[in-house]
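Hello,

Here is the structure we discussed handing over. Notes on what turned up follow below it.

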Amino acid sequence: MFLSVFDLFKIGIGPSSSHTMGPMTAAARFLAEILSGDWPRPVATEVAGVGASLHGSLAYTGLGHGSDRAVILGLTGLVPTTVDPDQVEGIIAEIAAKKRVSPPGHPSYRFDPATDLVLDKKTPLTGHANGMTFYAYDAGGRLLLKRIYYSIGGGFVVSDEELQRMKARGSATTEARKVPYPFKNAAEMLAMAAKSGLAIAEMKRANEETQMSREKLDAGLDDVWAAMSGCIDRGLSQDGIMPGGLKVRRRARQLHDKLKEQWSQNRPNPLLANDWLSIYAMAVNEENAAGGRVVTAPTNGAAGTLPAVLRYWLHFHPEADQPSIRDFLLTAAAIGGIIKSNASISGAEVGCQGEVGSASAMAAAGLCAVMGGTPEQVENAAEIALEHHLGMTCDPVGGLVQVPCIERNALGAVKAVTAASLAIKGDGKHFVPLDAAIETMRQTGLDMNERYKETSLGGLAVNVVEC
């Protein structure tokens, strides 16, 4: 099993990796398929119009997550990694007025978002909760091409056929690639670490360097952290009301100003580290909720937890340096890959235990590693963090990634630091293996009622008193 660090840490825009980045990527894939000729009517010029329908969780929370807007952007040829968040409003307005999309390399297609983009709450697709269908029509309205895609969490998108192959071989989203340390679970990871004498980050680096040079890997890791850090800084500089209609006010900047004042006064504050952690995480998720540029870690909904813990490492530990940032990200990615391959990081599939729970486990592992933890202690840190998110539902109020998501990332960061601290004070021996916690998360997700898996049909989403 090989899942690259850059598969888990993808730079894109908010508010959701599965509900925003995924549909945008799926739309871009559909455009590519029109041009590919790999379908019964291979003449792309016959296509005069396009359309799309969103199903399952995408339909129920699509408006709150910006899924409809993501499809529109994707059908114009834009992709999450390069789209400019500041240009989005203008693009959406232009498409609505012209009722056409003109992606690069394509003829202009008829597309009226008001009629050609449907949020279908009545027809779930069987492969995954985040399903979507794209259509291509000729000038007379006859259907030429229909394709189904699934957004399976963290910005990963697969076609209906790819999903069936994945299920058949029981693996993750990537084909098996030959790497020196092909661990598919935590037990194998620890066994390989013991045999090789290498740290988890070193094994992960060796695997990555079969795909790219060391220089490219380090540059990519530095770019990921720069995007994470930049997101924290932007979040700390903004205020006002977040979009979506809940009228939730940004708080990170105001709280940050208060903390800086307390910091300068040099007064004892036993909770100071937790306060900084929380504010860093909230800053990221407020940016995400506003549609800003974020990094999946492993998802947008959980994007604040890991960057907050990494900024905490740089803030409170004088030994922190650039190589340690890379080791942190590599270790976190190793744990995230194991979780994704053996359970899920999708809130629509297993609830928020798969999003913030996974993020907290990844962050705990990364922090424990750079603090000098052994592979056994790192595995223990990840297990502690994940174990205490088991059963957590995904019930965003109004389908928006705001309540309880923003504060939930803050608490996930606090749990991660606590888990790393507990683990590094022990010898790595513990009662519940990480693999058991991951399997428990998977089983719990299967048992969880659909109302609590990113549909906004249960939990806080329906029990908040309207003021």
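**Largest cavity**

Helices α2 (17-36) and α18 (405-424) each give at least two residues to the lining of the largest cavity. Helices here are DSSP runs of H or I, at least four residues, numbered from the N terminus. The largest share, three residues, comes from α18.

This is a predicted model: local features need pLDDT of at least 70, side-chain atom pairs count only at pLDDT 80 or more, and totals for chains, interfaces and linings use all residues. Residues are numbered from 1 along each chain as its sequence is written, and side-chain values use heavy atoms, with hydrogens and water left out.

The structure holds two cavities of 30 Å³ or more. A cavity is a set of points on a 1 Å grid over the protein atoms alone where a 1.4 Å probe fits but cannot get out; lining residues have an atom within 4 Å of a point.

**Ser 67**

Ser 67 sits in helix α4 (residues 67-75). Why does Ser 67 count as buried? Because its relative accessibility is 0% (buried is under 20% relative accessible area, 1.4 Å probe, protein chains only). Its side chain reaches the backbone oxygen of His 19 at 2.6 Å. Leaving out residues up to four places away in sequence, Ser 67 touches His 19, Pro 23, Leu 54, Leu 58 and Gly 62 (contact: heavy atoms within 4.5 Å).

Best wishes

Note on methods. Buried < 20%, exposed > 50% of the residue type's maximum accessible area, 1.4 Å probe, protein only. Polar contact = N/O pair within 3.5 Å; in protein donor to acceptor, adjacent residues only side chain to side chain. 1 Å grid on protein atoms, 1.4 Å probe; cavity = no way out; pocket = protein on both sides within 12 Å on 5 of 7 lines; lining within 4 Å. Points joined across faces, edges and corners; volume = space filled by probe spheres on them.
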